[in-house]
Amino acid sequence: TNRYASFSSQSYLEDLDLDAVHAHPKGREGKKHIQPSCAFSGTTWISEIIDMIYKEGSLEKCKVQPIYMRVPFLEFAVPDVPTGIELLKEVPRPCLIKTHLPVQMLPKSFLEKNCKVIYVARNAKDVAVSYYYFYQMAKIHPEPGTWEEFLEKFMDGSVSFGSWYDHVKGWWDLMKKYRILYLFYEDLKEDPEREIRKVMEFLERPVDENLVKKISHHTSFKVMSQNQMANYKSLPTSVMDHTISPFMRKGVAGDWKNQFTVAQNERFDENYKMQMTGTTLQFRTEI
């Protein structure tokens with residue numbers, strides 16, 4: 001087990017609850033919005049979008065701290081960086097909380113306290129590819145092995161945060177019961193302004209078209225990948241080594257076509273059909 005992998009372990013999460021946060025002086029009042037997603041599905045992207053909405057498009061306020069400080073990553077715990085729980089106790093309300101947890105591992109109090117949830121999902125093939133490169137550069141993970149080996153692990157759910165299939169289905173099934181806005185990475189790529197409007201309406205913020213355009217521009221992949229407060233390059237190289245692969249690598253839909261062989265794609269499709277049987281959830285693998 002890699003010594004930095006504590007953020008994905010059950011032992012770290014089993015006693016995690018919002019009560020400790022609510023007990024904190026800064027946590028007694030104010031709304032909380034959760035932004036869960038399976039890893040590498042646009043979490044940082046939507047976090048920056050929502051943070052800009054909160055701050056009414058102020059670039060100055062958004063550049064005061066890196067994104068992982070402005071938006072606490074609930075289960076994050078690596079050496080030399082404040083944990084997600086520590087940050088969550090300090091951030092002003094209303095606040096945004098990021099998590100990659102599958103729904104069964106999320107502290108029950110989040111949903112019981114009626115937090116608004118914005119979930120972002122991305123097609124499995126692109127997630128597998130992005131995750132493979134992230135495993136190589138992020139020292140919180142063990143070596144991924146070959147692409148062929150990693151793809152098998154991904155299909156088996158033997159990766160951090162478990163099965164992609166169970167993750168996306170688990171959150172999808174909760175939509176009827178809780179306040180959840182379920183977004184798709186491919187939709188964000190296709191028409192970011194449309195999706196930003198959806199988020200604003202869900203957060204009950206006035207939809208100002210000039211603000212929508214400003215947020216769309218400043219949260220584009222081109223701009224965010226150069227933004228030191230959003231691209232994770234401020235983290236120590238002992239945590240993320242961008243010389244191996246940048247955290248923000250390509251930011252496109254359909255890049256899996258450059259990675260999968262024909263045989264891998266056929267096997268993946270067969271496995272996918274089996275694992276997604278019975279759900280109404282559908283994805284686009286290209287736009």
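**Questions and answers on the chain**

User: Where does Phe-161 lie in the chain?
Analyst: The model under discussion is predicted. In it, helix H9 covers residues 147-156 and helix H10 covers residues 164-172. Phe-161 is therefore placed in the loop between H9 and H10.

User: Which other loop residue has a positive phi, where is it, and is it buried or exposed?
Analyst: Glu-204 has a positive phi of about 60° although it is not a glycine. Its place is the loop between helix H12 (192-202) and helix H13 (209-218). The limit for an exposed residue is over 50%. At a relative accessible area of 57%, Glu-204 is therefore exposed.

User: How many residues of H10 are buried, and which are they?
Analyst: H10 has nine residues and is mostly covered, with seven of them buried. These are Trp-164, Tyr-165, His-167, Val-168, Lys-169, Gly-170 and Trp-171.

User: Which residue has a side-chain oxygen that reaches the backbone nitrogen of Tyr-165?
Analyst: The place to look is the start of H10. There, a side-chain oxygen comes to within 3.2 Å of the backbone nitrogen of Tyr-165, and the residue that carries this oxygen is Ser-163.

User: How are H12 and H13 oriented relative to each other?
Analyst: The axes of H12 and H13 come within 9 Å and cross at roughly 120°. The crossing of H12 and H13 is right-handed.

User: Which residues make the contact of H12 with H13, and how do they divide by class?
Analyst: H12 contributes Pro-192, Glu-193, Ile-196, Arg-197 and Met-200. From H13 come Glu-209, Leu-211, Val-212, Lys-213, Ile-215 and Ser-216. By class, the contact of H12 with H13 has six nonpolar, one polar and four charged residues.

User: How far apart are Ile-46 and Val-199 in space?
Analyst: Ile-46 lies in helix H3, residues 43-54. Ile-46 is buried, because its relative accessible area is 0%. Although 153 residues separate Ile-46 from Val-199 in sequence, their C-alpha to C-alpha distance is 9.2 Å.

User: How do H3 and H12 cross, and what is the handedness of the crossing?
Analyst: The axes of H3 and H12 come within 11 Å and cross at roughly 55°. That angle makes H3 oblique to H12. The crossing of H3 and H12 is right-handed.

User: Which residues form the contact of H3 with H12, and how do they divide by class?
Analyst: Ile-46, Ile-49, Ile-50 and Ile-53 take part from H3. On H12, the residues are Ile-196, Val-199 and Met-200. In the contact of H3 with H12 there are no polar and no charged residues, and the nonpolar ones number seven.

User: How is H9 oriented relative to helix H15?
Analyst: Helix H15 comprises residues 262-275, and the axes of H9 and H15 come within 11 Å. They cross at roughly 10°. Angles under 35 degrees count as roughly parallel. H9 is therefore roughly parallel to H15.

User: Which residues join H9 to H15 in contact, and how do they divide by class?
Analyst: From H9 come Trp-147, Glu-148, Leu-151, Glu-152, Phe-154 and Met-155. H15 supplies Gln-264, Arg-267, Phe-268, Asn-271 and Gln-275. The contact of H9 with H15 divides into five nonpolar, three polar and three charged residues.

User: What distance separates the C-alpha atoms of Leu-106 and Glu-75?
Analyst: Leu-106 lies in the loop between strand S2 (95-99) and helix H7 (108-112). At 6% relative accessibility, Leu-106 counts as buried. Leu-106 and Glu-75 are 31 residues apart along the chain, and their C-alpha atoms are separated by 9.8 Å.

User: What share of the residues in the chain count as buried?
Analyst: The secondary structure of the chain comes to 15 helices and four strands. Of its 287 residues, the share that count as buried is 57%.

Technical notes. Residues are numbered from 1 along each chain as its sequence is written. This is a predicted model: local features need pLDDT of at least 70, side-chain atom pairs count only at pLDDT 80 or more; totals for chains, interfaces and linings use all residues. Side-chain values use heavy atoms; hydrogens and water are left out. Helices (H or I, at least four residues) and strands (E, at least two) are DSSP runs, numbered from the N terminus. Buried means under 20% relative accessible area, exposed over 50%, partly exposed in between (1.4 Å probe, protein chains only). Axes are lines fitted to C-alpha atoms, for helices over the stretch in contact, and angles run from 0 to 180 degrees between N-to-C directions. A crossing is left-handed if the near helix is turned anticlockwise from the far one by less than a right angle, and right-handed if clockwise. Contact means heavy atoms within 4.5 Å. Ala, Val, Leu, Ile, Met, Phe, Trp, Tyr, Cys and Pro count as nonpolar, Asp, Glu, Lys and Arg as charged, and the others, Gly among them, as polar. A polar contact is a pair of N or O atoms within 3.5 Å; within protein, one must be able to donate a hydrogen and the other to accept it, and residues adjacent in sequence count only if both atoms are side-chain atoms. Angles under 35 degrees count as roughly parallel, over 145 as roughly antiparallel, 65 to 115 as roughly perpendicular and the rest as oblique.
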